[in-house]
Amino acid sequence: MSVETKKLKFKVFRFNKDTDYLPYYDTIEMEVTKDELVLDVMNRIKWEHDGSFSYRRSCRHGICGSCAIKVNQKPTLACKDNVFELVEIFGEELVLEPQDIKRAYKDMVIDKSNFWEKYDKVQPYLIADIEEFPTEENIVSKEDAEKIDEADYCIACGSCFYACPAVEVNNEYIGPMALTKAWRFNADVRDNAVDDRLNTLQQLGSGIWDCVKCNECAEACPKELDPIGKITKLHLQTFEKEKSLNNVAVRHAVGFKWSIKKHGILDEGELVRYSEGNFGVMKHIPEAIPMLMHGKLVFPWNMPKSKNLDEIKKLVDIASTVKY
Amino acid sequence: MEKLKYALYTGCTARESTPELLKSTLAIADKLGIELVLLDEASCCGASHLQDFDDMLSLTLNARNLCYAEKLGLTMVTICNTCQLNTALTKDRLDSDPELKAKVNEKLAEVGLEYKGTSEVKHFLYALQDDYGYDKIAQAVTNPIADINVASFYGCHNIRPSHLQNKSNGGENAYKPVSLDNLVVALGGNAVEYESKNKCCGFHVELQNPQTANRLSGTAMLDAIDNNADMMVTPCPLCHLRMDVQQHGISKEVGRPVDIAVLHLPQMVGIALGIDPKELGLHHNINQKGLNLK
């Protein structure tokens, strides 16, 4: 018979920006039943243990995105995640923390202004010339609607944004949620601002080229929207609409095709030169010297090639769909 | 048990900037009695960057690599997390979308190949864990890495996205991975508990944003060091290139010396199996602290 209840220990992040200098953790033991969600636990902490405990909540149906927190560092939409399932991963001590402890106002409530400011930067709305008194509907075909790839299901909970390590260390990077929104409108056949958004997103430091490809956003999204997949689509759209700039990140992506056609496998050294340029490549000398001394550099004359290279060359020619 | 046999997709770095990875992989496979057939025909997987430029080309090239494993009738093993991700993603998309598969096969037919979807792809780490078994590896240990604190660094592309990776990584949880830590213990070492073990090293923005890359690697490495790690181990050569080769830049960025040896997974196994350090290519590692090579 399955276990119906468990006695669990919750370590709960507590902080009041107005009165506390440092945050602290309350330890609360509770009997939890198998159907209880993290939101039920937070409600019980407030109702049964400490009425001053603060957290955001609203719809209780996974739609409003208010109650997103972290449990043992795992982004969690509190009204969706079952407590027993978390116990299965982390054991019987669960740590409840806000999405970003550095931005805490009070307990689980954080200042999300950085999230919304970045969201604003991608013009996250439909920009279209629509007649004031239309005489017929603006019908979007099923095929065209599918291109949005469910990006319109984003509930703006911030789970992906506060899980993104690039956001964590790079204040400029606009992050996976804003990029998912950008795709939602850039894939919309009615929208007229596609080029505008793509131009904004080409800037190094803030745009699509600063995604570190860790897939934390895909793992975190409670609606399983695969934000990194949308970032990839924005990359592909950049080339399709010929909006790419001539910078190190773009040359790096394009350089793979060039190098694969030449050797099958990648010529790592040449790729760096191709991406950085003959002058820019010089800045890599400090790490190239120890690499050379430890037998980690392959010179062009020793560059290994894939077997059946002719096959690869032919495929690069016939399967390429993008011109640069 | 029947002798395990795999098609080895080496990826590019193992043939260039991390020769020690290929050497140590072949050395431990030989010692453990695992047969690896090298896929010399394979091309680069695109490393998640070609995928940003030309989707159809990257699918076709990855499908071609899989064709050669299929021809041998073998499971493909990878020794690079990013090769694993891109190959598994290609396989997943083609196996679930007959129309897309037909389009790719149209291209492959022109060079006399056909992608069928008959070969699985898994990282060597999970071949050791799920097919070979850590019990058997523990029995083969002659030189336990006793009293050494090893911090496992998993690398993103073996554990995320889990809905894809769980098909080949034994259901590893992306928020609490255990496979590498359990291997450290099987080899006689102490597995270091630290928060950053499943975090990103920043490799993929190293050229356009070295500051991001150095901050990410630095945070993880200092976390390992502050939790008393004597060395780190990773199944991914891209993480290795970041964390072994770039320690100078990382230290400068984080304002603290980051000075720790980072082993490739098969190097660590090889040490415990008593394989000669030269065969494991330990002399190729830039930071050799605690490796006692002299």
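Chain A contains 13 helices and seven strands. Helices (H or I, at least four residues) and strands (E, at least two) are DSSP runs, numbered from the N terminus. The model is predicted; local features require pLDDT of at least 70, side-chain atom pairs count only at pLDDT 80 or more, and totals for chains, interfaces and linings use all residues. Residues are numbered from 1 along each chain as its sequence is written, while chains are lettered from A and ligands numbered from 1 in the order in which they are written.

Along the principal axes, the C-alpha atoms of chain A fill a box of roughly 70 × 70 × 50 Å. Of the 324 residues in chain A, 39% are buried. A residue is buried if 20 or more other C-beta atoms lie within 10 Å of its own, exposed if 12 or fewer, and partly exposed in between, with C-beta atoms placed from the backbone. Among the contacts in chain A with a separation of 6 or more, 67% link residues 24 or more positions apart. Two residues are in contact if their C-beta atoms, placed from the backbone, lie within 7 Å.

Five strands of chain A form an open sheet in the order β2-β1-β5-β3-β4, with mixed pairing. Two strands pair if DSSP finds at least two bridges between them. β2 (24-33) and β4 (74-77) of chain A are the edge strands, each pairing on one side only. From one strand to the next, the twist averages 35°. Strands β1 (residues 5-14) and β5 (residues 93-97) of chain A run parallel and are joined by four bridges. K9(A) has E93(A) in β5(A) as its bridge partner.

Two helices contact this sheet. Helix α1 (residues 38-49) of chain A packs on it, touching β1, β2, β3 (68-71) and β4 of chain A. The direction of α1(A) makes about 110° with that of β2(A). Helix α2 (residues 83-90) of chain A lies across β1, β2, β3 and β5 of chain A, at about 85° to β1(A). Axes are lines fitted to C-alpha atoms, for helices over the stretch in contact, and angles run from 0 to 180 degrees between N-to-C directions.

Chain B divides into domain 1 (5-123) and domain 2 (134-284). The bounds come from an automatic or database domain assignment. The contact draws 27 residues from domain 1 of chain B and 27 residues from domain 2 of chain B. On the domain 1 side, α1 (19-32), α4 (81-96) and β4 (121-123) of chain B each give two or more residues. The largest share of that side, ten residues, comes from α1(B).
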